[in-house]
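Hello,

Here is the structure I promised to pass on. Please open it first, then read my notes below.

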Amino acid sequence: MNGSAPTDSDGAAPQYGVGDASYRAAGGRKGVTRLVDAFYRIMDELPRAQTIRRMHPNDLSQSRDKLTRFLCGWLNGPSLYAEKYGPIQLPRAHAHLRIGPDERDAWLACMERAVAEQAYPADFAAYLLRELAVPAQRIMTVSRDPL
Ligand code: HEM
């Protein structure tokens, strides 16, 4: 990995968000699994993430499985979450939690560190974090003004 974006077979830079370019840039299911493993390890360790860590069960195996599967579909890969757990509406799935700016930022901070550990091209890392901030913001808004 030389830090620049990989090119498609025609030599053009991948357009993240088009087709499954993002899923492929993330390394497919294996890559997403690595990202989510890092994300939850960091959530365990990071002092500012302890409030959101405590919202999760002690055993994170199912949380890990759910987030991995969800992100695969969210990146336009296979719909692995729906396949195992059924349909999901993200803000609704978080509506029972009190998520304000601190909790949103703690979640994004864990993700930022997890992304930084992956061998992603810099433009994909920046794109991914920008895109993840959108549902994070929406989840926070709905938590403040319940559906
Ligand atoms: C805004 C900050 C966020 C916080 C504090 C947060 C926290 C949580 C917590 C505590 C759970 C419940 C875990 C459990 O009971 O097993 C959860 C579930 C989940 N979260 Fe988040 N989350 C946030 C943002 C996000 C974002 C941005 C995404 C996706 C891009 C996401 C995807 C999921 C998924 C797929 C589940 C499983 C839902 C289910 O099956 O019920 N979360 N989250």
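**The pocket and its ligand**

The largest pocket has a lining of 27 residues, and those nearest its centre are Tyr 40, His 56, His 94, Leu 97 and Trp 107. Bear in mind that this is a predicted model. The volume of the largest pocket is about 770 Å³.

Which elements build the lining? Helix 4, helix 6, helix 7 and helix 8 each give at least two residues to it. Helix 4 has the largest share of the lining, with 7 residues. By class, the lining splits into 19 nonpolar, 5 polar and 3 charged residues.

Of the elements, helix 4 (61-74), helix 7 (101-117) and helix 8 (122-144) each contribute two or more residues to the shell around the ligand. Helix 4 has the largest share here too, with 5 residues of the shell.

**Around the ligand**

The ligand is surrounded by 20 residues. Closest to the ligand are Ser 63, Lys 66, Tyr 81, His 94 and Trp 107. The shell consists of 15 nonpolar, 3 polar and 2 charged residues.

Now the iron. Which residue is the protein donor of the iron atom of the ligand? His 94 is the only one, and its NE2 atom is at 2.0 Å from the iron. His 94 sits in a loop, between helix 6 (90-93) and helix 7. His 94 is also among the residues nearest the centre of the largest pocket.

- Tyr 81: a polar side-chain atom is 2.4 Å from a ligand oxygen.
- Lys 66: an N or O atom of the side chain is 2.9 Å from an oxygen atom of the ligand.
- Trp 107: an N or O atom of the side chain is 3.3 Å from a nitrogen atom of the ligand.

Best wishes

Technical notes
Residues are numbered from 1 along each chain as its sequence is written. This is a predicted model: local features need pLDDT of at least 70, side-chain atom pairs count only at pLDDT 80 or more; totals for chains, interfaces and linings use all residues. Side-chain values use heavy atoms; hydrogens and water are left out. A residue is near a molecule or strand if one of its heavy atoms lies within 4 Å of it. A polar contact is a pair of N or O atoms within 3.5 Å; within protein, one must be able to donate a hydrogen and the other to accept it, and residues adjacent in sequence count only if both atoms are side-chain atoms. Helices (H or I, at least four residues) and strands (E, at least two) are DSSP runs, numbered from the N terminus. Ala, Val, Leu, Ile, Met, Phe, Trp, Tyr, Cys and Pro count as nonpolar, Asp, Glu, Lys and Arg as charged, and the others, Gly among them, as polar. Donors are N, O and S atoms within 2.8 Å of the metal (3.2 Å for Na, K and Ca); water is not among the atoms, so sites may look incomplete. On a 1 Å grid over the protein atoms alone, a cavity is a set of points where a 1.4 Å probe fits but cannot get out, and a pocket is an open set with protein on both sides within 12 Å along at least five of seven lines; lining residues have an atom within 4 Å of a point. Grid points are joined across faces, edges and corners, and a volume is the space filled by probe spheres set on the points.
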